Amino acid sequence: MSPHAAGRQGTKVALMLRMRATLGTAARRFVRYNRNMTFAHPWLLGFLGLIAIPIILHFLLRQKPKKLLFPALRLIQKRQRNNVRRMRLRHIWLMLLRILVIAFLVLAVAQPKLPAADYGLTNAEIARLAAIGVAAVGAYFGLMHLWKRRRLAHSDLAYRRSLLRGGTGVGVLVLLLLLVIWPYWRRIDAELSAPQPPAKEDAPVAAVFLFDTSASMEYRLESRTRLEQAQRVAEEFLESLPPRSRVAVGTSSDDGQVLFQADLTSARNRIKSLKTTHASLPLSTRVRTALLVQEEDRRRTLDADASTPEDQREDGFLREIYVFTDMARTAWREDDSKQLQSEMTRMPWASAYLIDVGVERPTNVAISGVKLSRQTVSEGSELVVEAALDAVGVESAARTVELYLNSERGPVKKGQSTITVDTQAGAKVAFTIPGVKGPLAQGEVRLISSDPLPGDDVRYFTAAVKPVPEILLVSESADDAAYLRLALAPTDLEQSGKARYKCRVVRPVQLESTNLDAYEAVCLINVREPSTKAWDALTKYVSAGGGLAVFLGSPRIESESYNSPAARAILPVELLAQLGFRGDVFLDLQNLAHPILKKFDELGGAGELTASNVYRHWKTLPVEGATVIASYTDGRETPALVERPFGQGRTVVLTTSVDLGGWSEIPRSWQFVVLADQMMQYLGRVGEGVYNYSAGEGAVLPLDRRKPLTEYLLRTPALEQLPGKVAADARFVTIDKTPQAGPYELEGTETKEPYITGFSVNVPVGESDFTRLIDADLEVYFGKDRYRVAKDLGTLQRIVTTGRKGEEMFPFVVAFLIAVFVGEHLAANFFYEAEQAGPATPRRQPEGA
């Protein structure tokens, strides 16, 4: 054998081996695919033997050509050959169509079922199918038009038409197989890589019914809330569960364990008793809890069958989780998505169903938030309450908003405003409450309207009302403290009683005998040499929670006193020397994250303050535990503002002056007023408290160091009185659970001047956000094809049946049966069509014929 022939032989062998491997893989996949198919009446498949009837008829009763005597025998024989070939092709197609009719009829009666998957065609598959159809029709009619233009003999044209029909059919089948059926098969095969075996007809179900009980489920449509709609669907679905089924009921508002009920009646009663709550856990977290409950129950079920080998044990229940929700995206936490999807992957035997009781196009007007001018205000000052309104699905319309302030007699109306709420921009309205009195200012802002979600038509607020903070200024002369005093308490405001602070100026010798506990903060301004007793008193004061500010802006300061052991106990720096700057040097306030400087960030920066020259300063060395808040722009990052916590208090040192003694121009800036105010707020913890929370958040309330609190009673919006205790050295009292929206009041049990504080809780803003989950979101949480969504009871029952027993193929088989039957009918009608001879061009006889 020549090398060339040997090469061709080797290529043929390689191609044959590759084709055999490909066909083997396809055959194995086909067997695995069909192993997952089940039939409602498998015995009817025996009738597939009837497909032999068309074959028998084809071979026994096929039409035989007739023998005719005709003189022009050559022309008749040629036409006979063409007719025989054409009839043979038509016989084959008709036989195949009749075989398919019988096969599809038997399959339809047997009612095949396949595991749940996406059996619909994708857009790409539909496009390829349409392209094949267009190409086949275009090729057929194009060739027919070409042959007719050539004026072929009618017998030749009929013969070619038969061949064209057969070839077109074969070509279409090949293209369908390669471009549609094969990719479709591979896609379905990938989805069925690990299908669950079909459930038995009477298999019981272990189901967890998980209800979204967040405030958004109060949305009312057709006189029924979304929770009531979910309860209705759940109760009716309970009736369709197989015998011996078990049900556990859980909610998004309960972080406790989900337990299976004793029977379906107990489960029904539990469902009927459900109520919405203002505080809810993410549904993604609760679904994970439901999965773990199913896993634990499945483990106990398998362990109970101890007599069976472990690898042969079977769970006697179908494991299903039903989530009844309005599909609001805010009810789910994206951080849980990876864990939830991992749990779903780890538990392939668990099925998840989401019952969508939400509204596609909601309409709502809500008070989305309330902002207070300050959460801590001085007694007798004014409080500004600003409410923001948002609208969804409604046109611009006027809405009335009212302000109420709580009193011993109940809520008292303090203001009313009518505004236009726009769907795009929303609206804002502000109310001013003058002369507030303590210890608390609690109230609510109400929206006077009737919409489907009443829970977000009211917002509660609380402001702590405290006496005007008192600041003690210690200085050698009144001039040293003059600018700081004017910044904290301007003369006109102080005389009218409207100043934010009460300032008292004393000489250093008076410091030892002054009761420091009466002051929110103490300021040492250019004090030359505080005594040891003064430092000891200040140490005790700071340790108990007081705030100390030290301003170093004088050459008279004795560094030995400030570096003494008594002073170093609380000071954040060690004084080295007083120095002057060369050139223009300013404060560097680049880091505005510190509480003292944060206000400048809200004001757009501290540009004017940082443009004030600093000429001299005290060079210092920060001690261990100190933090540099700001430095100078001298290129050396020389500390300017340094703080240090000590005990329950804190100390702040500014290494230049706050007077006009020639050390700096800082007091000339209007932003010095802001700096001084924020320093006193920080040192005295005046604005530290937060008194407004969302439901479910823990409340942390600051305590007054001058009024010790050990035990208290907490009054809730539900008129409950819950006792509590506070540690002896605690600076805050923490309330862990705030499940209800409304005002809370905390009162100490001490009979003499009890400490009173409180806070307000509101429905989370996200409950007014109706943005719905889409398929892409659900795939992130559950994984692709690991969940199904239903909007009503009928759809739920249908998809659950599909999930348990497989996809019902009866409609598809009937559709194919109808198509094949129509094709067979058309083929049978045209099988013996009369051949009409068209106009033929007469042939010229050769001479002498």
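## Basis of the description

A residue is called buried here when its relative accessible area is under 20%, exposed when it is over 50%, and partly exposed in between, with a 1.4 Å probe and only protein chains taken into account. By that rule T462, at 0% relative accessibility, counts as buried.

The structure is a predicted model, in which local features need pLDDT of at least 70 and side-chain atom pairs count only at pLDDT 80 or more, while totals for chains, interfaces and linings use all residues. Residues are numbered from 1 along each chain as its sequence is written, and side-chain values use heavy atoms, with hydrogens and water left out.

## The chain as a whole

Of its 849 residues, 43% are buried. The chain exposes about 45,600 Å², of which carbon and sulfur atoms supply 55%; accessible areas come from the Shrake-Rupley method with a 1.4 Å probe, and for residues only the protein chains shown count as cover.

Contact means heavy atoms within 4.5 Å. Among contacts in the protein chain with a separation of 6 or more, 75% are between residues 24 or more positions apart.

T462 belongs to strand β16 (residues 458–466). Once neighbours within four places in sequence are left aside, T462 is in contact with L372, L440, A441, Q442, Y691, N692, G758, F759 and S760.

L403 is placed in strand β12 (residues 397–407) and is buried, with a relative accessible area of 1%. Between L403 and L447, which are 44 residues apart in sequence, the C-alpha to C-alpha distance is 9.2 Å. With its neighbours within four places in sequence left aside, the contacts of L403 include V385, V412, F431, I433, V445 and F461.

## Aromatic pairs

Rings of Phe, Tyr and Trp (its six-membered ring) are paired if their centres lie within 6.5 Å, and a pair is stacked when the planes are under 30 degrees apart, edge-to-face when they are over 60, and tilted otherwise. The count by this rule is 15 aromatic pairs. One of them is the stacked pair of Y744 and F759, at 4.7 Å centre to centre and with 10° between the planes. This pair links distant parts of the chain, since Y744 lies in strand β32 (residues 742–748) and F759 in strand β33 (residues 756–762), 15 residues apart. Both Y744 and F759 are buried.

The pair of F782 and Y787 is tilted, because the ring centres are 6.0 Å apart and the planes stand at 40°. F782 is buried at 1% relative accessibility, and Y787 is buried at 13%. Elsewhere, ring pairs link F209, F211, F237, Y322, F324 and Y353 into a cluster.

## Cavities

The structure holds 2 cavities of 30 Å³ or more. On a 1 Å grid over the protein atoms alone, a cavity is a set of points where a 1.4 Å probe fits but cannot get out, and its lining residues have an atom within 4 Å of a point. Grid points are joined across faces, edges and corners, and a volume is the space filled by probe spheres set on the points.

The largest cavity holds about 90 Å³ of space and is lined by Y219, R226, D326, A328, G358, V359, P362, F770 and R772. Its lining has 5 nonpolar, 1 polar and 3 charged residues, where Ala, Val, Leu, Ile, Met, Phe, Trp, Tyr, Cys and Pro count as nonpolar, Asp, Glu, Lys and Arg as charged, and the others, Gly among them, as polar. The second largest cavity, with a volume of about 40 Å³, is lined by L587, L589, L597, A630, A640, L641, L654 and L675; this lining comprises 8 nonpolar residues, with no polar and no charged ones.

## Backbone details

Most residues other than glycine have a negative phi, and most peptide bonds are trans. The peptide bond from G438 to P439 is cis, with omega near 5°, and P439 sits in the loop between β14 (427–433) and β15 (440–448).

R244 has a positive phi, near 70°, and is placed in the loop between α6 (226–238) and β6 (246–251), where its relative accessibility of 61% makes R244 exposed. D785 also has a positive phi, near 60°; D785 lies in the loop between α17 (775–782) and β34 (787–790) and is partly exposed, with a relative accessible area of 45%.

Conventions
1 Å grid on protein atoms, 1.4 Å probe; cavity = no way out; pocket = protein on both sides within 12 Å on 5 of 7 lines; lining within 4 Å. Helix = DSSP H or I, 4+ residues; strand = E, 2+ residues; numbered from the N terminus.
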